[in-house]
Amino acid sequence: MSAPSNGFDQKPESSSSSSRLSLLGTVPPTLLILFAILAIQLGAGIAKQLFSILSPEGTAAARIILSALLLTLITGKKIPALLKTFTSNWRLLSGFGLCIAAMNLFFYLAISRIPLGAAVTFEFLGPLTVAAVTSRKWSHFLWIALAAVGVLLLSPFSGAELNTIGIMFALLAGAGWACFIILAGRVSAKTDGNDGLAIGMMVAGFVLMPFAVAILPTLMTRPEILLACIAVSVLSTTIPFILEFEALKRMSKRSYGVLVSAEPAVATLVGAVLLQEHLGWQGMIAISCVVIAAIGITVSDQQTTE
């Protein structure tokens, strides 16, 4: 799943953050984005291996709550200041947090039933649809049609042996991602820096708290599981957040969009290597359709705005 910073118009960072990220300034932004994508998918791969112990719901709750704590530390803001911001924009930030909770919970429920690469491919329909609808370009609907062909190739209608419920969860995760993108711009405009993202993660953590309570005894008695959850949070949220933040200062939105479009392919690779998941030639063709569609929408959209 894409880093939570996707959809945000990044604002200038503080001088303390700048000093912490100074070393990243020597790394090409393209590599930073690719490392961020790889970290996200590695985090998902590790998370999937925790499902038998914590359940998908429990793993999602642990990841969100730990990520909220890490992002709060990154913002450098005190809790009272964040609470004041939440009080001033509680409707918007509550909805934003619900989107974060939904896209993470449904994504983990999806990958508990279908391969990682397939889940990311179905989920990608969310941001692709937002891009097509908001641009109002007919050519974008042609790219969406190509993505739909890819999805059809992965669906049971084409003979693919994928769990139908898992597909539905992946599509719901994509809907949550789409809502996240729509609300992210408003949240960024209403809050300072990345406070809105941290608050949204807190709200999501509160929503998923019942699942966290259920796994608390396991986390308290098995430190290796807690460390694995921390690793998932760092890989899935903290590292991508920092890397994308730095990369977006030095690259165009078109380049960023094209690189992120490779996420289904990276997810498929991680699934094959880490989880021994294989989709076959039909699955590879399906994922290629979605990746090409994502690149096509990104490039054509930027050609219009430039």
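Helices here are DSSP runs of H or I with at least four residues, numbered from the N terminus, and their axes are lines fitted to C-alpha atoms over the stretch in contact, with angles running from 0 to 180 degrees between N-to-C directions. The model is a predicted one, where local features need pLDDT of at least 70 and side-chain atom pairs count only at pLDDT 80 or more, while totals for chains, interfaces and linings use all residues. Residues are numbered from 1 along each chain as its sequence is written, and side-chain values use heavy atoms, with hydrogens and water left out.

**View 1. Helix H2 packs against helix H11.** The axes of H2 (residues 29–75) and H11 (residues 223–247) lie 4 Å apart at an angle of about 150°. That makes the two helices roughly antiparallel (angles over 145 degrees). Their contact has 32 nonpolar residues (Ala, Val, Leu, Ile, Met, Phe, Trp, Tyr, Cys and Pro), three charged ones (Asp, Glu, Lys and Arg) and six polar ones (the others, Gly among them).

**View 2. Phenylalanine 51 pairs with tyrosine 108.** Phenylalanine 51 sits in H2 and tyrosine 108 in H4 (residues 90–111), so the pair ties together parts 57 residues apart in sequence. Both residues are buried (under 20% relative accessible area, with a 1.4 Å probe and protein chains only).

**View 3. Ring pairs link Phe51, Phe107 and Tyr108 into a cluster.** Look next at phenylalanine 107 and tyrosine 108, another tilted pair, with 6.2 Å from centre to centre and 45° between the planes. Phenylalanine 107 is buried too, like tyrosine 108. Across the whole structure, a search finds five aromatic pairs.

Terms used. Parallel < 35°, antiparallel > 145°, perpendicular 65-115°, else oblique. Phe/Tyr/Trp six-rings, centres within 6.5 Å; stacked < 30°, edge-to-face > 60°. Buried < 20%, exposed > 50% of the residue type's maximum accessible area, 1.4 Å probe, protein only.
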